[in-house]
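The exercises that follow are meant to be worked with the sequence and the model side by side. Try each task before reading its solution.

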Amino acid sequence: MKKLWILFIFAWVWQISFSQKIIELTPAQKQQFLDAHNAYRKKIGAPPLQWSEELENYAKSWAKFLAVNKKFQHSPSTKYGENLYQSTFKPEPAQIVAQWAAESKFYHGQKVTLDNYWIFGHYTQIIWEQTKYVGCAIAQDDKGFYYVVCEYSPPGNRIGQKPVESR
């Protein structure tokens, strides 16, 4: 009986460990994330972002957490800015960033407030002028859902500020 219990525990740990996985981004996918972000930043005159392995690793850990726990929520850390995306199909980097940037239709140059950032906050994080670095990751849960996390440093969406102060 004890051996059966140990086998059950091992099988459970194995299932939890391997049924959710990080989708390792290829260099081309990382570049696609970066290029898509920078295309929107260029349109409004913000400097281009650079890829950060540190942010990518943080995004991986949070994406894995979301997949394991089947949750869709922002990380409790306020160290970085963050955009999330969830899908039932394998998402493409440019498509994900385009979904976030579609919020630009709601943004008209106003300051970010507690009342408005949820309407266009994905977009304003993408174009936030002081943000210099981005890192993204994708995880998949055992039901086939994909969780995409992009982390930004320094973070944007500062209450009372505009993403691009010269606007």
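## Exercises on helix 2 and its surroundings

Helix 2 is followed by G45, a residue whose phi is positive, near 85°. The coordinates come from a predicted model, and the tasks below should be read with that in mind.

**Exercise 1. Determine how the span of helix 2 compares with the expected one, and list which of its residues are buried.**

Solution. Begin with the extent of the helix: residues 27-44 make up helix 2, which has 18 residues. From its first C-alpha to its last, helix 2 reaches 26 Å, which is close to the 26 Å expected at 1.5 Å a residue.

Next, apply the cut-off of under 20% relative accessible area for a buried residue. In helix 2 the residues that count as buried are Q29, K30, F33, L34, A36, H37, N38, R41 and I44.

Finally, look for what lies over these buried residues: the cover includes the helical elements helix 3 (53-69), helix 4 (93-101) and helix 5 (117-127), together with strand 2 (50-51), strand 4 (133-140) and strand 5 (146-153).

**Exercise 2. Classify the packing of helix 2 against helix 4: are the two helices roughly parallel or roughly perpendicular?**

Solution. Two packed helices are described by the angle between their axes and the distance between the axes. For helix 2 and helix 4 the angle is about 30°, and the axes are 8 Å apart. Angles under 35 degrees count as roughly parallel, and helix 2 and helix 4 are therefore roughly parallel to each other.

The handedness is the next step, and the crossing of helix 2 and helix 4 is right-handed. On the side of helix 2, the contact is made by Q29, Q32, F33, A36, H37 and Y40, while helix 4 contributes P93, A94, I96, V97, A98, W100 and A101. Sorted by class, this contact of helix 2 with helix 4 has 10 nonpolar and three polar residues, and no charged residues.

**Exercise 3. Repeat the analysis for helix 2 and helix 5, and state at what angle their axes cross.**

Solution. The axes of helix 2 and helix 5 cross at roughly 80° and come within 8 Å. Since angles from 65 to 115 degrees count as roughly perpendicular, this makes helix 2 roughly perpendicular to helix 5.

The residues involved are H37, Y40, R41 and I44 from helix 2, and Y123, I126 and I127 from helix 5. By class, the contact of helix 2 with helix 5 divides into five nonpolar residues, one polar and one charged.

**Exercise 4. Decide whether E103 is buried or exposed, and find which residues E103 touches.**

Solution. Because its relative accessibility is 13%, E103 counts as buried.

Leaving aside residues up to four places away in sequence, E103 touches I119, F120, G121, H122 and Y123. The C-alpha atoms of E103 and T124 are separated by 8.5 Å, although these residues are 21 residues apart along the chain.

Notes:
Residues are numbered from 1 along each chain as its sequence is written. This is a predicted model: local features need pLDDT of at least 70, side-chain atom pairs count only at pLDDT 80 or more; totals for chains, interfaces and linings use all residues. Side-chain values use heavy atoms; hydrogens and water are left out. Helices (H or I, at least four residues) and strands (E, at least two) are DSSP runs, numbered from the N terminus. The expected span of a helix is 1.5 Å times one less than its number of residues. Buried means under 20% relative accessible area, exposed over 50%, partly exposed in between (1.4 Å probe, protein chains only). Contact means heavy atoms within 4.5 Å. Axes are lines fitted to C-alpha atoms, for helices over the stretch in contact, and angles run from 0 to 180 degrees between N-to-C directions. Angles under 35 degrees count as roughly parallel, over 145 as roughly antiparallel, 65 to 115 as roughly perpendicular and the rest as oblique. A crossing is left-handed if the near helix is turned anticlockwise from the far one by less than a right angle, and right-handed if clockwise. Ala, Val, Leu, Ile, Met, Phe, Trp, Tyr, Cys and Pro count as nonpolar, Asp, Glu, Lys and Arg as charged, and the others, Gly among them, as polar.
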